[in-house]
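Please read them with the structure open.

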Amino acid sequence: MKQFTSDELRRTWKQFYIDRGHVDCGAVSLVSDGSTGVMFNVAGMQPLMPYLLGKKHPQGTRLCNVQGCVRTNDIDSVGDASHVTFFEMMGSWSLGDYFKEERCKWSFELLTEVFGFDADHLAATVFAGDENAPRDEEGAQFRIASGFKKENIWYLPAEDNWWGLEYGPCGPDSEMFYIADRPPCGPDCGPGCSCGRYTELGNDVFMQYEKHHDGHLTPLAQKNVDTGWGLERILAFLNGSRDVYRIDLFAPAIESIEKASGKTYGEDEKATRSMRILADHTRTSVMLIGDAARLVPSNTGAGYILRRLIRRAVRHARALGLKRENILKLAEIYIDQVYAESYPLLKKNREFVLAELSREIDRFEATLENGMKEFKKILGEARAQKRDGITGREAFFLYDTYGFPMELTAELAAEEGLSTDEKGFAEAMEEQKQKARDNQNFSAKLSAGADLFDPVEGTCRFDGYDQLVVTDRILAMAGADSLVDELGEGDEGVIIAGATPFYATMGGQIGDTGRIVIQSADGQETAVFAVTGTTHVAGSKIAHSGRVEKGVFRTGDEVTLRVDEKNRQAICKNHSATHLMQKALREVLGDHVEQAGSYQDASRTRFDFSHHQAMTGEELRRVEEIVNEKIAADLPVVTRVMSLEEAKKTGAMALFGEKYGAEVRVVDMGGWSVELCGGTHVTSTGRIGRFKILSESGVAAGVRRIEAITGDNLYAYYEERDAVLTDAAAIVKSTPEGLPAAIRKLQDELKSVRSENESLKAKQAREALGDVTDQVCEVAGMKLLATKVPGVDMNGLRDLGDQLKAKIGSGVVVLFSEQDGRVNLVAMATDDAVKAGAHIGNLVKEIAPKVGGGGGGRPNMAQAGGKDPSGIDEALTMCEEVLRKQLSK
């Protein structure tokens, strides 16, 4: 066998296939677009799904690449010598080009001529057949013809030799193995045996079928080949190891962990497991955050998996005695050293990666200690009650209160020999969600129960881009929980018509409001339905929810649907301004800004975007200035419908991960802002009027939020502010123009009064205390002044303590004060007292319970509060005893 570095192996793989007519098609994001039913790209073939199903690939029919993948389904196995959550899959594909004969021939060449394996030590498996597909005799014959020995061909069932995702292309696969120079462990020893005689090298998948959503198979129009070899595993084997954590992709990280922890990799099983988990999870987290998708930790979807990985890494770092800085050092090693050449995007996103990782570590560590205390408490209760596990409600409490993912609780429990009620956890989670649903309004409940309209035939055409009034017939109606044929005066319900000008809530834009009416021949309104919300239901149907104000509506009635024009225009202004704002944010902050959420109604716009820190006042001012410049320029707003491919060529911005149809709407604002958008907009930016940012805040890790207003709302905002200023000026007997000076004068006066008040309080405290020098006693050669003074707050006690400490020169001062039925406690020590063994934080921790409180602090100063003044004298007496123990150690 030949030895390789990881960079050499990547280059060798791609060049082998390029020499055989393949094109390097490059890698895509680790985060899946959702088309295959999984959150991450878990295989190299996953992004090629449309082309494996018959679509023509622009780069041809022979492709190769090295694709990063993330799999967390076996995360609990990470910690052994072979499992990882991020890995690189070296792949090659035939899209209806060559099939089994060429594939088997090239795999054998790669194994023997490129990697230097002895042909006598190679084995292969093929599909044994089942009720769904026949035995792969053809694959077996081509393996033998390529050079594999007949006695080294094994037929295995579908669970071993069938490949496919949840749905899509699939087929029999044929795995290749290296046979170690050792005897079989028994008569059934073969590929897949755990004895270690057989090591998997690679896999060729012969995609002949398509698996549909209902599970049945149909032959593919074109036969494909998907070849995948795991880079980490084959690299370790080529370099004489079965431990992937000893390859050059992990070695610098493991070395850093060894140096920081003082432990040696491989010596202790438990510590080695933690080293592997820390190295792996940190690597995967770096890859996901630094990926094109710029994933950030969250409580849902892929973001939740990322959060779980980081928090699991933190826990194992703590088990090794490591801190946040050590984890960040590992991240830097992966970015700057290990993947500097092969994944340059990590370098580009370096600061973003480190900032997001640091924030999530800080966030978890802030609750981890308290969470671990609570877990130990739950653990103790479970053992006291002789239970064999942790309940679902207990696990949910840890999740809801301390951010413990359910999997972390289960892992901690398993380490203590206890189970975790995952079903009970899910039930507690659902119960909380149900409470939220119970508090929804009628329109929200409608969305939750939208399958009510599945039986309704026909579609509802949206005609509201260019008209606000449409006449059509009612297709269906519903009350609170069922379809109805009639809605009468006072009834709340839903109306669906064949066509509508009402925009339904989508893409962040709130649905239209307005009226649906029935008119008599003379134009009189005989029935009126007030539309308070518009939503999408049952796919292509648009539901108008509201209340009948007059008359009766029946299925089949001809109705006129009228959108509230003023409300629509206000929404359009806010929506169009949001497009301008996103472009301005990217200009001011950088191209890393991506939409993370948005909401527009008639009163405001709210825009969530990716950014790792709070915006400065100057940045906000500049964004606002740019948007208002574009409004003043009165740019034309042009909407065009085109194919997705055409839209991409225009440079239109699209939401990462969003699913788009074959045709999309492109909203172009004077060529300056171009986005894919299905919402409604003004006809030119000048119609927005003005734009004002009201606030900027953080809503999640790496996500900021701006709230802003436009048009008439801006005028109303300034009118309200003017009224507030006038009222405030009147209160201080000034004018709005003179208000700043009046406030400064009041602040100066208040500062003077406060200073005088503090002086009086300090004087009163000293007088109340009197001469206490006769209360100073000596404890183990150190002065101790422990006394009480009535009616002094915590600030006053601290000042008094400083004075007394200076007065005694050397020693310990402990002061109690009863104020409004509660106890204030402050204690201090001079530096020489601390050196002699005094620890004020520990002293306060011991005496505070006597006054019904708790507290602590530093070795030289601590404070506490309590609710039982009757214990002050006992606590004072205890001070001498506690200090004596400290000084005698």
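1. Start with glutamate 486. At 43% relative accessibility, glutamate 486 is partly exposed. The cut-offs are under 20% relative accessible area for buried and over 50% for exposed, with partly exposed in between (1.4 Å probe, protein chains only). The side chain of glutamate 486 meets that of arginine 554 in a salt bridge, 3.2 Å from N to O. Glutamate 486 belongs to strand S15 (residues 486–488) and arginine 554 to strand S21 (residues 552–554), so the pair ties together parts that are 68 residues apart in sequence. Arginine 554 is also partly exposed, at 42%.

2. A word on the basis. This is a predicted model: local features need pLDDT of at least 70, side-chain atom pairs count only at pLDDT 80 or more, and totals for chains, interfaces and linings use all residues. Residues are numbered from 1 along each chain as its sequence is written, and side-chain values use heavy atoms, leaving out hydrogens and water. Helices (H or I, at least four residues) and strands (E, at least two) are DSSP runs, numbered from the N terminus.

3. Salt bridges in general. The structure holds 50 salt bridges. The term means a side-chain nitrogen of Lys or Arg within 4 Å of a carboxyl oxygen of Asp or Glu. Bridges that share partners join Glu618, Arg621, Arg622, Glu625 and Glu629 into one network.

4. Which residue pairs with aspartate 136 in a salt bridge? The partner is lysine 100, with the closest N and O atoms 2.6 Å apart. Aspartate 136 sits in the loop between strand S4 (122–127) and helix H4 (137–146), and lysine 100 in helix H3 (residues 100–114), so the pair ties together parts that are 36 residues apart in sequence. Aspartate 136 is buried at 4% relative accessibility. Lysine 100 is buried too, at 3%.

5. Aspartate 243 and arginine 246 also pair. Their side chains meet in a salt bridge of 3.8 Å, N to O. Aspartate 243 is buried, at 8% relative accessible area, whereas arginine 246 is exposed, at 52%.

6. Look next at threonine 710. This residue lies in strand S29 (residues 703–710). Threonine 710 is buried, with a relative accessible area of 2%. Its side chain makes a polar contact of 2.6 Å with that of asparagine 574. A polar contact is a pair of N or O atoms within 3.5 Å; within protein, one must be able to donate a hydrogen and the other to accept it, and residues adjacent in sequence count only if both atoms are side-chain atoms. Not counting residues up to four places away in sequence, threonine 710 touches Lys573, Asn574, Ala577, Ile688, Arg690 and Phe691. Contact here means heavy atoms within 4.5 Å.

7. Helix H14 (residues 406–415) is largely enclosed by the rest of the structure, because seven of its 10 residues are buried. Among them are Met406, Leu408, Glu411 and Leu412. Glycine 417 follows H14, and its phi is positive, near 80°.

8. Finally, the cores. A nonpolar core is a set of buried Ala, Val, Leu, Ile, Met, Phe, Trp, Tyr and Cys residues joined through side-chain atoms within 4.5 Å. The largest has 118 residues, and those touching the most other members include Leu9, Phe115 and Trp229. Helix H12 (residues 350–384) supplies the largest share of this core, 11 residues. Tryptophan 229 touches, among others, Trp13, Leu110, Phe115 and Leu201. A second, separate core of 29 residues includes Leu784, Cys879, Val882 and Leu883.
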